[in-house]
Amino acid sequence: MNFLLCGVNALALTPAVASAKPAENKNADNRPNVLLIAIDDMKPWIGPYGDKLAKTPSMDRLASRGTTFSNAYCQVALSGPTRSSLMTGLNPDHTGVWWLMGSFRKNNPDIVTMPQALKENGYETVGVGKVYHPLKDKAVKDDPISWSLPYVKAPGATYALANGRVATECADVPDNGYVDGIIAEEAVKTLHKLKEGDKPFFLGVGFKKPHLPFCAPKKYWDMYERDEMPVAKFQDMASDDVEYAYHNSLEVKGYSDIPPFESYIDTKHLDEDTQKRLLHAYYACISYTDAQVGKVLDALEKEGLADNTVVILYGDHGYHLGDHGLWNKMTNFENATRVPLIVSAPGMKKGVKSASMVEFLDIFPTVCELTKTAHPQQLDGKSLVPVLKNPKAKIKDYAMSQYSRTTTENYTISSDTDLKGKAKELEDDIHGYAIRDPRYRLVEWTKGFKTYQPFDENKVIGYQLFDYQKDPEERHNVANDPAYAGVVKKLKKLLREYYARSYSSPMSEPIARCAEGK
């Protein structure tokens with residue numbers, strides 16, 4: 001069947017390794033290396049998060065060396081904007097990237113990325129696979145200014161079999177029969193070359209599975225029984241909900257082996273056999289990617305770098321696999337925004353879990369602190385180092401996510417989106433801001449508002465509130481329930497404070513000017 005080059009963000013940070021000949025160089029730079037492993041579309045269905053089906057020994061091994069964050073959230077449940085946000089340490093309203101295609105570099109050329117900051121601080125920096133979301137414009141593709149060494153190309157097959165554009169493929173091929181196997185091989189080679197240098201390094205490695213199409217070598221499919229696949233229990237719209245919080249699952253519908261269905265609408269869901277096939281394929285892809293992560297971790301050990309390496313592994317956003325009748329990502333719901341995040345750093349706690357609320361925005365300042373690198377601009381996150389030292393520590397009370405409904409719902413994302421001069425168009429954009437504390441999520445839906453602008457109450461068009469203690473499957477929107485009026489009031493107040501902080505940031509003005517065409 002078919003195989004697609006869909007990226008997986010596996011970002012791992014490796015502490016800087018000393019010079020290849022430390023005994024001969026008393027001034028060797030011993031700052032930690034950074035290995036950032038990005039995995040595309042991987043939700044927390046892995047061993048470190050207690051998944052009983054997932055077979056992920058490599059991620060289990062990494063978790064035993066670091067901290068697993070059980071309450072980590074992405075900024076946007078879509079690859080392009082969430083990666084732009086993570087790599088810049090800026091919320092999407094400060095990068096101007098809300099859709100799949102879009103360039104923070106076009107919107108504000110002065111933004112400094114995480115690898116760029118390290119490069120300017122004496123690090124060797126290089127990327128392999130899908131680290132940023134790929135763009136068509138070669139001037140900004142993979143953000144050339146981020147890297148001190150040429151970006152490593154890792155071309156691989158989209159599909160191993162000639163069966164058309166299908167959503168799932170099981171082929172009896174070796175790991176490098178698909179692109180992630182090639183990415184792992186190139187990452188291993190790159191680690192060896194970096195070890196021979198005299199600088200600490202930042203290596204970004206981006207794997208492309210389990211993004212659709214769900215294609216993996218047969219041996220990974222054979223790890224699972226299809227009958228055991230966990231079909232979602234609740235596949236409908238929540239009661240008293242807002243329709244624009246949902247989408248029509250167009251991404252999965254574009255494959256020839258997916259029968260017609262109506263997403264969250266009650267009339268026609270995907271049949272159970274198709275659901276189980278997709279779930280089986282998703283798990284197979286996770287185990288396939290886990291094996292590639294293992295090859296990179298093995299190389300880190302072999303090169304003698306593991307003890308002085310910060311490794312950060314993340315899935316770039318969550319994923320819907322039938323819950324609410326939804327497939328793919330692109331919402332503000334829990335399954336789309338909650339992400340896997342594992343951080344292993346020298347001298348920090350090992351084999352622990354933290355329930356602290358954290359965001360992808362926190363990765364950049366964490367790297368800055370661990371590598372003694374000055375913040376290049378006003379970042380929107382907070383360092384995770386206090387939590388790495390003490391998993392019970394708390395750095396924030398809530399996490400933020402957001403999603404733009406109008407443009408992406410219509411899939412007008414076939415070419416690179418330039419924000420310049422789009423202010424008038426953005427007046428029609430429906431945008432939801434989700435605040436998630438340890439128990440609740442409040443989503444405030446607005447029309448024509450972004451936080452680089454002053455807040456206008458008249459632009460609010462709807463609310464969602466979910467109580468995860470009583471309703472973990474999000475069956476009931478209780479935003480209009482009088483019993484929750486106090487919760488709504490409290491979370492709205494926190495949202496307003498967040499809007500004000502974002503608007504007052506010096507990173508707001510360049511985006512506002514760009515949108516106005518200035």
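At roughly what angle do the axes of helix α6 and helix α9 cross?

1. This is a predicted model, in which local features need pLDDT of at least 70, side-chain atom pairs count only at pLDDT 80 or more, and totals for chains, interfaces and linings use all residues. Residues are numbered from 1 along each chain as its sequence is written, and side-chain values use heavy atoms, with hydrogens and water left out.

2. Helix α6 (residues 179-195) and helix α9 (residues 272-302) have axes that cross at roughly 10° and come within 9 Å. The two helices are therefore roughly parallel to each other (angles under 35 degrees count as roughly parallel). Helices here are DSSP runs of H or I with at least four residues, and strands are runs of E with at least two.

3. On the α6 side, the residues that meet α9 include Val-179, Ala-184 and Leu-191; among their partners in α9 are Tyr-288, Val-296 and Leu-300. Contact means heavy atoms within 4.5 Å. Nine of the contact residues are nonpolar, three polar and two charged.

4. The largest nonpolar core has 114 residues, and Phe-69, Leu-203 and Leu-341 touch the most other members. Helix α9 gives the most to this core, with 14 residues. A nonpolar core is a set of buried Ala, Val, Leu, Ile, Met, Phe, Trp, Tyr and Cys residues joined through side-chain atoms within 4.5 Å; buried means under 20% relative accessible area, exposed over 50%, and partly exposed in between (1.4 Å probe, protein chains only). A second, separate core of 19 residues includes Tyr-398 and Val-460.

5. Thr-158 is in the loop between β3 (124-129) and β4 (168-171). At 30% relative accessibility, Thr-158 counts as partly exposed.

Terms used:
Axes fitted to C-alpha atoms, helices over the stretch in contact; angles between N-to-C directions. Parallel < 35°, antiparallel > 145°, perpendicular 65-115°, else oblique. Nonpolar A, V, L, I, M, F, W, Y, C, P; charged D, E, K, R; others polar.
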